[in-house]
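Me: I'm new to reading protein models. Could you walk me through one?

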Amino acid sequence: MAHAEVPGNAREERLRGWIAQYGEAILKTCFFWLADHGRAEDAMQDTFLKAWKHMEAYEKQQVQSDKAWLLRIAVNTCRDYRRSAWLRHTDFSRALEQLPPDLLAVEPDDRTLTLLIGNLPDKYRQVILLYYYHKLSLPETAQVLSLPVSTVHHRLKRAEALLRQEWTGGDSDEA
């Protein structure tokens, strides 16, 4: 579908729909990437601004998953943000304390798991968030991260093993 076929109002309505449907998920994803609520809000806004600017490419590609397309933009935006020097050494557990309660109201066990996920190396945290939290398939997760499916599968299994090891206190014998 060409850009000319999508009137401005339809584009605005699509963007409003995306914000309503995926805004909170994008914000949480950006927070997990950046460990700073203010930066996460900025990254979410930048994500939707980029989506607006690239609506024509979206139409031409006939994207099958709006969520995967938006998450890919969010991930790339967060990568750009993380390139700034002050974000490289952020303490995720301290940042989690500063998150508004309505964004992360969880039980103590879930909080512990959230902290464990937040402290994983980036490449493992990414696949856990996209696959389990956003419920993307392996191919969709691979598409968002611009990686082969086999790499995503390997990282997912490694991330699960790391989480299991941390959760059980280093007892790797537990299945």
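Me: Why does Gln126 count as buried?

Reply: Buried means under 20% relative accessible area, exposed over 50%, and partly exposed in between, using a 1.4 Å probe and protein chains only. Gln126 counts as buried because its relative accessibility is 8%. You'll find Gln126 in helix H7, residues 122-133; helices here are DSSP runs of H or I with at least four residues, numbered from the N terminus.

Me: Which residues does Gln126 touch, not counting those up to four places away in sequence?

Reply: A contact means heavy atoms within 4.5 Å. By that rule, Gln126 touches Trp33, Arg79, Leu145 and Arg155.

Me: How far can I trust this?

Reply: This is a predicted model, where local features need pLDDT of at least 70, side-chain atom pairs count only at pLDDT 80 or more, and totals for chains, interfaces and linings use all residues. Residues are numbered from 1 along each chain as its sequence is written, and side-chain values use heavy atoms, with hydrogens and water left out. pLDDT is the predictor's confidence in each residue, from 0 to 100. Where it is low, the predicted coordinates should not be read in detail. The chain averages 79, and 75% of the residues score at least 70. Confidence is lowest in helix H5 (residues 92-97), with a mean of 50, and highest in H2, at 93.

Me: What about helix H4: how many residues does it have, and which are buried?

Reply: H4 spans residues 66-82, so 17 residues. Its buried residues include Trp69, Leu70, Leu71 and Ala74. Leaving aside neighbours within four places in sequence, Ile26 is in contact with Leu70, Leu71 and Ala74, among others.

Notes: Helix = DSSP H or I, 4+ residues; strand = E, 2+ residues; numbered from the N terminus. Expected span 1.5 Å × (residues − 1).
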